[in-house]
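Visitor: I am new to this structure and would like to learn how to read its features. Could you guide me through it?

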Amino acid sequence: MPNLTIVGAQWGDEGKGKAVDYLAGSADLVARFQGGPNAGHTVRVDRNTFTFHQIPSAILYPKTTCIVGCGCVVDPYVFEHELAVLRKKKVPLGQRLVVDRRAHMILPYHRQLDQLRDDQSAKQRIGTTGRGIGPAYADKVNRTGIRAGDLLSEEAFNDKLKHNLAAANFLLMDRYKAEPIPFKATAHDYWQATRRIAKMVGDGSRTIEDALRRGKRVLFEGAQGMHLDIDLGTYPYVTSSSTWAGGVAPGTGISPVWLEEVVGIAKAYTTRVGLGPFPTEMNEADATHLRELGNEYGATTGRPRRCGWFDAPVVRASVRHNRLQALIITKLDVLDSLDEVKVCHAYRLRGREVGDFDPFHAVEYEPVYETMPGWRQKTSGCRTFSGLPVRARRYLARLEDVCDCPIALVSVGSERSQTIPFKSNKLRWLRAP
Ligand code: GDP
Ligand code: IMO
Ligand code: MG
């Protein structure tokens, strides 16, 4: 049985939630392997919109086991909110949602430290989501973190919290001249807030491995995007986890030898939230136009997303690092009304043309564009490749060419049904189970 890894091929918000929801119809198990409530994955089914931050986007399928992997960081307050939405919509959960006991917890002071460090006026501002991601991962690597497994003993939890809070309060008071966080109220509140999640704590790694051994269909859901990766992204304007396919093994606790197919999700154009280099970023007027057409506002923070043309070297770098077998192109419909569309196939760097995206030079790149005629026809109702306007098909064919990767699916709307299998699709995952 195949397993499939889904990664964002750009800077996040590519439509991973939509893609996971579409592809997970035949999955037995879906696991998130990194990130936390910085993610906002939107799933739209029958006019109902769900935004998943930490719970895998496949949770709407009543029989699919969903794992929050050991590489994730979990904010129990956000988690509770996500559970409440599911309860309200009567999505049955039973025992099928498991939080790996090794996943690290986000504490209220992580959030506060993140926001203080990334204050508007801060010199090293990144424009984070302010969800405490960096400080929580920093504690993990510093070996002082609190893990989901620690939520099973109040005494052990209190011990760790006492120790960690002392360090956090030192930073809060000494560096940021902020009020210290009180131990007693924090411990009490957090313990109460985690009683439901504590019942879901388990050995995610073993559950995933058992499923793989039994030949089940397993899907790994990436968050953020390749170029926000802590090692390979546009550092320091990145998130604090391994967002590429290389993050699956440490983020779930299974051997990398299990992994089979890897698919990259890319928008038919490019967006980015937060600071950092963005070679194909549009001028303000064009960006505003595209932002309105594509409703490009953050699913987690509501921030307007920066918008630009399709950057092929950026996606090509994702194809290369991840060895992507296929791309899923989303939001093609957003370009429907444009007279012309542009594709950046290379950059000019100090008088030379270069084809590779190198994050070390990203701020210097001037995009080299080719311009193609727009199709000026609605695609949101199309359901077959042959039903797409000829010019849209040519645009997609050009994307395959410049990205050096076949397209498996094209998305023309946020609903599950607005998805078109592409002519060159060879994914084993998409063959009937
Ligand atoms: P993710 O973080 O990668 O899951 O992406 P987000 O959910 O943050 O952002 C993608 C947005 O685009 C969501 O509002 C989706 O509902 C929407 N979306 C996904 N695919 C399509 C598409 O093909 N067309 C349009 N118009 N919207 C889409
Ligand atoms: P999904 O999974 C887009 C960006 C932030 C900031 C940087 C670091 O929905 O695609 P962090 O809070 O992680 O420390 O912020 O990363 N970022 C995202 N951008 N989509 C996301 O998630 C993101 N998660 C983080 O805007 O630039
Ligand atoms: Mg998102």
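**Reading the metal and ligand sites**

Guide: At 22% relative accessibility, Asp13 counts as partly exposed, whereas Gly40 at 10% counts as buried; buried means under 20% relative accessible area, exposed over 50%, and partly exposed in between (1.4 Å probe, protein chains only). This is a predicted model, in which local features need pLDDT of at least 70 and side-chain atom pairs count only at pLDDT 80 or more, while totals for chains, interfaces and linings use all residues. Residues are numbered from 1 along each chain as its sequence is written, chains are lettered from A and ligands numbered from 1 in the order in which they are written, and side-chain values use heavy atoms, with hydrogens and water left out.

Visitor: Which residues coordinate the magnesium ion (ligand 3)?

Guide: Donors are N, O and S atoms within 2.8 Å of the metal (3.2 Å for Na, K and Ca), and since water is not among the atoms, sites may look incomplete. Here Asp13 (OD) and Gly40 (O) coordinate the ion at 2.1 to 2.2 Å.

Visitor: Which residues are the closest to ligand 1?

Guide: A residue is near a molecule if one of its heavy atoms lies within 4 Å of it. Of the 18 residues that surround ligand 1, the closest are Lys16, Gly17, Thr42, Asp333 and Ser411.

Visitor: What lies 2.6 Å from an oxygen atom of ligand 1?

Guide: A polar contact is a pair of N or O atoms within 3.5 Å. In this case an N or O atom in the side chain of Thr42 lies at that distance, and a backbone N or O atom of Gly17 lies 2.8 Å from an oxygen atom of ligand 1.

Technical notes:
A polar contact is a pair of N or O atoms within 3.5 Å; within protein, one must be able to donate a hydrogen and the other to accept it, and residues adjacent in sequence count only if both atoms are side-chain atoms.
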